[in-house]
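Colleague: I have a few things to ask about this model. Can you put it up first?

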Amino acid sequence: MAVSLLANEVSDLCIGKPAVRSLPLSAAAGDLAAALRRVARSGSAACVAVTGLARAVVGRVGLADVLCLLCDKPEAPADALAKPVSALLPKDGAGEVRRIDPRASVLEALDAILSGAQVLAVPLRPGGRKKQLGGAGSAGDFCWLTQEDLVRYFLNSIGLFYHVAARSVSSLGLVRTDYLSVRPHESALSAVPLIRLAVASEAAVAVVTEDGHLVGEVSPVLLAACDETAAAAVATLSVADLMAYIDYFGAPPEHVLRAIKTGLKDKGLHAMLELMEDETLSSFALSSASSSSDDEAGRTKLRRPSSGSYGRRSAEEPVVCSPASSLVAVMVQALAHRVNYLWVLDEDDDCRLAGIVTFADVLRVFREQLQ
């Protein structure tokens, strides 16, 4: 089984993947935010690589990282945006990006992910036997290999794992209880450290009531659909109100914007208010220039990020399963919703939140089966 399944190289999992956009370590966080807006408008993954000497990949950052940086000192957003991109990289090794050779085995890639790498950077080689891998890629280009890619790969061969595929996630010990959580009434600003952890673990922050019911989540995926002005929402709103703000995909109605601006004035965050007004005007001008066809049709279209390690969501409701859900059902459900985790609700306990199942733990099951 292991011989047939692991005969493929890493490059075989990367066929058709586009080259990753990158920025140097010395680039300013504000430049990153502008680059992310361009990436999001193009429908590509809303994250970019950070490169050091000789374009070596040293990290990966997205808009959620920028928002957390802005919220560290909401009274001085200009100072935050002037900081180098290196200030966004985690200092504890969380969210590690690791380079892997395209000729490495799938097992080597799996071990790299399970040993702490959040994502793998795979060089795209122009020409040669793997020419189809990068298309028009040039020297120095690379693509991401993610947990999602590996889970999809094993799902395609799930018949080889029939003895565990139908077992429940509970019986496999996959339901973790050390998930990140916050109460709806708490300030969104207090959740920033948890959002950082969610980015590093490719999960989300559960929003849970006092009696243990899941009412929503604060997800880096959904934050990536907003822009820097979302930092103003984080600085002024409760967690429950922030969820409502995110549901507008960064384009809330005027009464919501007025409430945020009032909150900024009350807290004396005048510089954040100026940033919000500047970005709102800029976004309005851009959307007006690019949506004339939509106006003729009487509607406005909002673009969401399409893919990447941060994924895509077709709905704002958290994706859930039960402790009795099978391994294969959880894999299919998570891949269908483009998330790296599922919340587990216990039907025997009034559907209270029981834990979380992550792709990292799912991959550990397959690694154990390949021993």
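Colleague: Start with Cys351. How does its accessibility class come out?

Modeller: This is a predicted model. In it, Cys351 has a relative accessibility of 38%, so it counts as partly exposed.

Colleague: And where is Cys351 placed?

Modeller: Cys351 is in the loop between strand 11 and strand 12.

Colleague: What about the phi of Cys351?

Modeller: Phi of Cys351 is near 60 degrees, which is a positive value in a residue other than glycine. Most residues other than glycine have a negative phi. Asp350 also has a positive phi, of about 60 degrees, and is not a glycine.

Colleague: Where is Asp350 found?

Modeller: Asp350 is found in the loop between strand 11 (341-346) and strand 12 (352-358).

Colleague: Moving into strand 12, is Thr358 buried or exposed?

Modeller: Thr358, which belongs to strand 12, has a relative accessible area of 15% and is therefore buried.

Colleague: What is Thr358 in contact with, leaving aside its neighbours within four places in sequence?

Modeller: With those neighbours left aside, Thr358 is in contact with Arg176, Asn340 and Tyr341.

Colleague: Change of topic, helices. At what angle do helix 5 and helix 17 cross?

Modeller: The axes of helix 5 (residues 106-114) and helix 17 (residues 359-369) cross at roughly 135 degrees and come within 10 Å. Helix 5 and helix 17 are therefore oblique to each other. Helix 5 passes helix 17 in a left-handed crossing.

Colleague: Which residues make the contact?

Modeller: On helix 5 they are Leu107, Leu110, Asp111, Ile113 and Leu114, and on helix 17 they are Ala360, Leu363, Arg364 and Arg367. By class, this contact of helix 5 with helix 17 has six nonpolar and three charged residues, with no polar ones.

Colleague: And helix 5 with helix 7, how do they cross?

Modeller: The axes of helix 5 and helix 7 (residues 147-155) come within 11 Å and cross at roughly 135 degrees. Helix 5 and helix 7 are therefore oblique to each other, and their crossing is left-handed.

Colleague: Which residues are in that contact?

Modeller: Helix 5 contributes Val106, Ala109, Leu110 and Ile113, while helix 7 contributes Gln147, Leu150, Tyr153 and Phe154. The contact of helix 5 with helix 7 divides into seven nonpolar residues, one polar and no charged.

Colleague: How many residues of helix 7 are buried?

Modeller: Eight of the nine residues of helix 7 are buried, so helix 7 is largely enclosed by the rest of the structure. The buried ones are Gln147, Glu148, Asp149, Leu150, Val151, Tyr153, Phe154 and Leu155.

Colleague: How many bridges join strand 1 to strand 2?

Modeller: Three bridges join strand 1 to strand 2 (residues 47-51), and the two strands run parallel. In strand 2, Ala49 is the bridge partner of Ser22.

Terms used. Residues are numbered from 1 along each chain as its sequence is written. This is a predicted model: local features need pLDDT of at least 70, side-chain atom pairs count only at pLDDT 80 or more; totals for chains, interfaces and linings use all residues. Side-chain values use heavy atoms; hydrogens and water are left out. Axes are lines fitted to C-alpha atoms, for helices over the stretch in contact, and angles run from 0 to 180 degrees between N-to-C directions. Helices (H or I, at least four residues) and strands (E, at least two) are DSSP runs, numbered from the N terminus. Angles under 35 degrees count as roughly parallel, over 145 as roughly antiparallel, 65 to 115 as roughly perpendicular and the rest as oblique. A crossing is left-handed if the near helix is turned anticlockwise from the far one by less than a right angle, and right-handed if clockwise. Contact means heavy atoms within 4.5 Å. Ala, Val, Leu, Ile, Met, Phe, Trp, Tyr, Cys and Pro count as nonpolar, Asp, Glu, Lys and Arg as charged, and the others, Gly among them, as polar. Buried means under 20% relative accessible area, exposed over 50%, partly exposed in between (1.4 Å probe, protein chains only). Two strands pair if DSSP finds at least two bridges between them.
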